[in-house]
Amino acid sequence: MSNAETPEPGLTREDVAAVARLALLELTDDELEEFTGQLAAVLDHARDVEALDVADVAPTHHPFRLENVTRPDRVVPSLDRAEVLAQAPLVQDDRFRVPPALGEQP
Amino acid sequence: MSALELADAVRTGARTAVDVLEQHLAEIRSREPEIHAFNLVTEAVGREQAAAVDAAVAAGDDPGPLAGVPVALKDNTCTRGIATTAGSRILDQWRPPYDATVVTRLREAGAVLVGKTNLDEFAMGSSTENSAFGPTRNPLDPSRVPGGSSGGSAAAVAAGFAAVGIGSDTGGSIRQPAALCGVVGLKPTYGGVSRYGLMAFASSLDQIGPFTATVADAATVYEVIAGHDPLDSTSIPQPARPITATLDQGVEGLRVGIIGELSGDVAAGSVEGIAPDVVARLHEAAAALEAAGARVGTASVPAAVYGVSAYYLIAPAEASSNLARYDGVRFGLRVDGHNTHQMNANTRTAGFGAEVKRRIMLGTYALSAGYYDAYYGKAQRVRTLIIDDFDAAYADFDLLLSPTSPTTAFALGAKTADPLTMYLNDVCTIPSNLAGHPAVSVPFGVGDDGLPVGVQVLAPMQAEPLMMRAAAVLEAAAA
């Protein structure tokens, strides 16, 4: 979806609740209230670029023109499996264990 | 003693690395409870490394250019087997399974790790008040902040806890705390120093660099940590440019431009909020360069005034993606839930602090359907404008000059209630990150409150050698 116009000002609580859900963050009502005001202020400040005509300006994603970087396909030592798994919250059979992805824990 | 003097003393056997380390640990014991520069003091590791350096000296081997130099490392930089927190509950007690490339290179150069320094959580902040483990205080006035996000590393060098601090700079996080703590802070060219092992905040902006007491120390540390690293695909495929060899060549004949938009002269188009005492030091610094033979004029980088707006859309957008990995699955905190999705949400809700949540949400919003073009897309085009304006300025000037921070160190708590006010601290430093250019903050006198002022020297891509020559002239003039 494309929207070349800057949206109307006024970030709503519903907007913030929606992005919090997308970002896997749960907010209390008080947090929602506080964050909405703070984020709206930042977005409002960002409206200073509104007057700029940048339609013909190419976007910059990165300081350099990024190209694929490859290396020779050689086997080299990797991270130590035991050391990596030792840092995991829960491990079973050399794998990261998580709660059920579908449904609920019995 | 500077890092170079310490290394020289250790290499010649005048002092042992263990003795140098113990002296710094004594300083830490005496003032660290008040300053809180560190999340972890690595006494045992440091003693082991120092003993190895002394053994090398005794065996007649070259222990490296940073022999026995105590280094304080920002705690978003991975150290194998040593807790690395990023100032966040979500990584409390996490022990990385590998070393960052800068850690390996520093060790190979003979440096000794004294500790992991405090920071704003995931490097998001300008005061080091956003750490989950409490704020760091400015050693020059503990009622003030040290700046941020690398405030712990800046404070560690200013307090004499370490001769070298390592920080990361995404929007000014090395240069601004360097200015507020009265030390030298160098942000190299993007891609100049490997980011392997640095916890990603905004990948197209992040860059590692040193804090030191002197310009020559910063140049030496740069030469140790810079240069191509195959483990970072954005690393410039060239060796580090030598800086130290030409450091004393002065600025005779160089053209230096004061960035009008960051000069404090609002009538002439400058951003507002740059304090008069900071502006005064900027002009004194320009006069010092002129006295040393530089030709000083006023440069124009018109789009620089939009830097804060562009940055606070681009950096949160990249952060919202980079921080998706902290989900309780593979490392760090897990707060359980009845299914994976709920576990992920519970972990992130409990593990991240308020500023990190703000930026993740801001970035998620800026990238969301319907708003992408208006916010993120526009910010990327503004980024191009800033680069183009810098390029135009560098057609007329070899180097540019600006304040580093709009003010001297502010009081703890002064700006925590209003994130936007905090963000505006970065107005002078952000443009270099957006362009990928190097910049360095050099202490230059004090403000009306007696606290240090930093002057920033900016240069085009990979022009660190020239930039550091000007920094050396400013250092000499300020002395």
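Q: How many salt bridges are counted between chain A and chain B?
A: This is a predicted model, in which local features need pLDDT of at least 70 and side-chain atom pairs count only at pLDDT 80 or more, while totals for chains, interfaces and linings use all residues. Residues are numbered from 1 along each chain as its sequence is written, chains are lettered from A in the order in which they are written, and side-chain values use heavy atoms, with hydrogens and water left out. With a salt bridge taken as a side-chain nitrogen of Lys or Arg within 4 Å of a carboxyl oxygen of Asp or Glu, the count between chain A and chain B is one.

Q: Which residue of chain B forms a salt bridge with A:E83?
A: In this salt bridge the closest N and O atoms are 2.5 Å apart. The partner of A:E83 is B:R80.

Q: Which element gives the most residues to the side of chain A that touches chain B?
A: Helices are DSSP runs of H or I with at least four residues, and strands are runs of E with at least two, numbered from the N terminus. The elements of chain A that give two or more residues to this side are α1 (13–22), α2 (29–45) and α3 (81–85). With eight residues, the element that gives the most is α2(A).

Q: How much area do chain A and chain B bury between them?
A: The contact, meaning heavy atoms within 4.5 Å, takes 60 residues from chain A and 71 residues from chain B. Buried area is the accessible area (1.4 Å probe) that two parts lose on being put together, summed over both. Carbon and sulfur atoms carry 67% of the buried area, which comes to about 5700 Å².

Q: In which loop does the residue B:S149 lie?
A: Most peptide bonds are trans. The bond from B:G148 to B:S149, however, is cis, with omega near 10°. In chain B, the place of B:S149 is the loop between β3 (112–117) and α5 (151–158).

Q: Where in chain B does B:H36 lie?
A: Most residues other than glycine have a negative phi. B:H36 is not a glycine, yet its phi is positive, at about 55°. The place of B:H36 is the loop between α2 (17–35) and β1 (38–41) of chain B.
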